[in-house]
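User: I have a structure open and want to go through its side-chain contacts. Can you take my questions as they come?

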Amino acid sequence: MGPPLLLACLLAPLCARGASPAQPGVRVLGSPQHEAPRRVKRAWVIPPISVSENHKRIPHLLVQIKSDKQQPGGVIYSIKGPGVDEEPLGIFSIDKFSGKVFLNAMLDREENDRFRLKAFALDLGGVTLEDPTDLEIIVVDQNDNRPLFRQDVFTGHVVEGAEPGTCVMTVDATDADDPDTDNAVVRYSILEQGAGAMFSINATTGEICTARPGLDRETMGVYNLTVQAADMSGDGLTTTAMAVIYLEDINDNPPEFTKEEFSMEVEEQAVGVDVGRVLVHDKDLAGSPNWLAKFTILDGDPEGAFAIRTDPHTNDGVLSVAKPLDHEVRDRFELTVSVQNERPLEPTAPTSPRALATMRVRVRDVNEAPVFRENPRRISVLEGTPPGTPITTYTASDPDTRQLQTLSYTLLYDPADWLRLDPHTGTLRTKRELLHPSAFLQGGWYIALVLARDDAEPPLSATGTLSIEILEVNDHAPVLQPPAALLCGRPGRGGTVLLGATDDDRPPHGAPFHFQLSPQHPQLARNWSITRFNVTHAVLAVLAELPEGLYSLPLLLRDSGTPPREQQQLLNVSVCRCGREGTCEDSVLAAATAGAGITLEAVVIIVGSTILLLVLVGLGAARVRRRRRALRKGLLQRSRDDLRDNILNYDEQGGGEEDQDAYDINQLRHPELFSPRVKPPLRRDAPLSSATPLAPRKLPSGPSDIEDFINEGLEAADSDPSVPPYDTALIYDYEGSGSVASPLSSIVSSLTDEDQDYDYLTEWGPRFRRLADLYGQ
């Protein structure tokens, strides 16, 4: 290391403070510590320089440095570091020729508590004379900062009634001054907290605790404390903040009724409606479980007709009707009601003298609807009960026993119109017979509705259901099904047939059925037998070989009703020739006859009708032959006048006889004027597809009387040149009065009934004798 710099304290106040080589912190280089003092050449270093913050005399001389390598030409001094050529700039400066260091700005220890600089000594040529030397400047603190609370308002909670010494919260403050000095030592205190001095604060830690008993939220729910922090151990600068302490509620106050009795009224028969309210008061925090009330009906309502609930917004007790009330049964109630909190009371809480109250309820009378005590009413009526028979009296009762009212009755529903109701007494009678089966019966039951109405204003009504069971009566005998059978006339295989029966009565008046041969004809038992097959069928068997033919067996059928009904019926049995397998040889025809159920009487009627029909056909054919011979003698030449009418087309809305444009009648009167080679003009009333027939029509085989008459006329017209050249459908309609033409019946007027001889019909028997008398007169 080169020669040391020589430090000189020239006119600097630092020297007065003892900043000399002999001060602590100044080290003398090159001198032994354990040798005896002697005069030697010593090397000097620059000790730390202290300067107070907020120094107001600017510029201020701090120190002067001087090198012992001073040349004749002089030394140039300079400093570098923070506060000189580094941020913050311009705080320190040096006189380059004298080496004096100056403070040029006020210092703030809270921003920079010290500065470390480098000092340089150069010759005039810029050559370094000595190595750089450290220059440290220490900023001395002053109490220029107040303590600061971390927040303006501190919040804490404590339950009411807390014991003394219960800590609530801690407040704290900071001081920016030097923590190693009293400038940053903070102490806390409570400046104001209202009456009672209920809280205290730890001066060192800032912890706030309860100081006395007796915290009551209902008396004071919030405490606002003014807290102070002071530095210099409480003697310096000060600052304040607010500490807000909320008392938390406990259930230390029971609810109380506002009065001992409450009166209210309600209409009878009202359910679910609110009757009234009971009011209570609770000092605890509103809306909390400590405040919410719970009500109980202790006495006066054994049937449970009332219910009471709590209104969560007002804490009132709301009384409502749980069951219908009847003024005629009970018109007044006196209820005893208690109240308590949802949450249990604290053991230290006092008891309430108003925990019970009386509720007086009056029931108002209103008009009530009639009531059918028996609904539905079920009765039984025998089937076939004659009209006008009383079946029941169905009445209602009026609950309003204290009001004079009259009930009237009407039939609201009677789908079959079977009943008649007395409007005053409610007696029901039959209007017509009640019979099975009916579309209005459901499982044998007939349903009707009766309406009962009082005469109040407004009137009220009730509906009663009347269920009538129509009891089955055994009024039908079983019927043989089918009434005809086919079997082989040989005993044994094939000589049996299954018989069945039906009954219109319902059980138990139907099956089982009993089949037997008629007791009035005991001889039948020699050839026939009947045995039971099941409850609805029996087996008819042949006991002896029988010839072919139709047999009518009288059978007696009886049901199982009470009393039983029986009826004798004929069974038509067709006995056929037996084949090898015991079946009928001519089974197809016989089966068809038997399946159709044709009885002997029906066969006789059919045969007789067939004979009569053949006779009538023969008579018609003979009459047609006579008419045909007469027509061939000249059907249309009996009269000199032209009897043919104009053929009028009424589809064109013509004018009767005045409409002569329908057809040219001259073609009929003078056919010789028209050449047969020329195609006749087309008639307007004929179909477009009509054409002249090439030959007379062929008569159908076996026509009836009217059909023969029409066809014979067409044949004559086709073969007669004096008629129109083709036949067409003639449109006959009303042609007006006073027609000059004769009626069409004049064409065959010569063939009257007088020309006929009907005496031969008398020879055909008594059935046709009457016919001969009618036409022969």
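**Contacts between side chains and strands**

Analyst: K118 is partly exposed, with a relative accessible area of 39%. Keep in mind that this is a predicted model.

User: Which residue does K118 form a salt bridge with?

Analyst: The partner is D134, and the closest N and O atoms are 2.6 Å apart. K118 is in strand β7 and D134 in strand β8, so the pair links distant parts of the chain, 16 residues apart.

User: Is D134 buried, exposed or partly exposed?

Analyst: D134 is partly exposed, because its relative accessibility is 49% and the exposed class begins over 50%.

User: How many salt bridges are there in the whole structure?

Analyst: A search finds 21. One of them joins the side chains of E136 and R114, with 2.5 Å from N to O. E136 belongs to strand β8 (residues 133–140) and R114 to strand β7 (residues 114–123), so this pair ties together parts that are 22 residues apart in sequence. R114 is partly exposed, at 33% relative accessibility.

User: What about E265, which residue does it bridge to?

Analyst: E265 forms a salt bridge with R364, and the closest N and O atoms are 2.8 Å apart. Since E265 lies in strand β19 (residues 261–267) and R364 in strand β26 (residues 356–364), the pair ties together parts 99 residues apart in sequence.

User: And how accessible are E265 and R364?

Analyst: E265 has a relative accessibility of 35% and counts as partly exposed. R364 is partly exposed too, with a relative accessible area of 27%.

User: Which residues are in the salt-bridge network with E265 and R364?

Analyst: The network links E265, E267, R362 and R364.

User: Changing topic. How many aromatic pairs does the search find?

Analyst: It finds 10 across the whole structure. One is F199 with Y223, an edge-to-face pair with 5.3 Å from centre to centre and 75° between the planes.

User: Why give both a distance and an angle?

Analyst: Because a pair of aromatic rings is described by the distance of the centres and the angle of the planes.

User: Are F199 and Y223 buried or exposed?

Analyst: Both F199 and Y223 are buried. Another edge-to-face pair is W528 with Y551, at 5.9 Å centre to centre and 65° between the planes. W528 sits in strand β38 (residues 528–532) and Y551 in strand β40 (residues 549–558), 23 residues apart.

User: How accessible are W528 and Y551?

Analyst: W528 is buried, with a relative accessible area of 3%. Y551 is partly exposed, at 22%, because buried requires a value under 20%.

User: Which rings form a cluster?

Analyst: F149, F154 and Y188 do, linked by ring pairs.

User: What lies over the face of F120?

Analyst: K80 does, at 5.6 Å from the ring centre.

User: Last topic, strands. Which strand is joined to β33 in parallel?

Analyst: Strand β27 (residues 377–382) runs parallel to β33 (residues 461–471), and six bridges join them. L382 stands opposite L471 in β33.

User: And which strand runs antiparallel to β33?

Analyst: That is β32 (residues 445–453), which nine bridges join to β33. A452 has A462 in β33 as its bridge partner.

Methods:
Residues are numbered from 1 along each chain as its sequence is written. This is a predicted model: local features need pLDDT of at least 70, side-chain atom pairs count only at pLDDT 80 or more; totals for chains, interfaces and linings use all residues. Side-chain values use heavy atoms; hydrogens and water are left out. A salt bridge is a side-chain nitrogen of Lys or Arg within 4 Å of a carboxyl oxygen of Asp or Glu. Helices (H or I, at least four residues) and strands (E, at least two) are DSSP runs, numbered from the N terminus. Buried means under 20% relative accessible area, exposed over 50%, partly exposed in between (1.4 Å probe, protein chains only). Rings of Phe, Tyr and Trp (its six-membered ring) pair if their centres lie within 6.5 Å; planes under 30 degrees apart count as stacked, over 60 as edge-to-face and the rest as tilted. A charge sits over a ring if NZ of Lys or CZ of Arg is within 6 Å of the ring centre and within 35 degrees of the ring normal. Two strands pair if DSSP finds at least two bridges between them.
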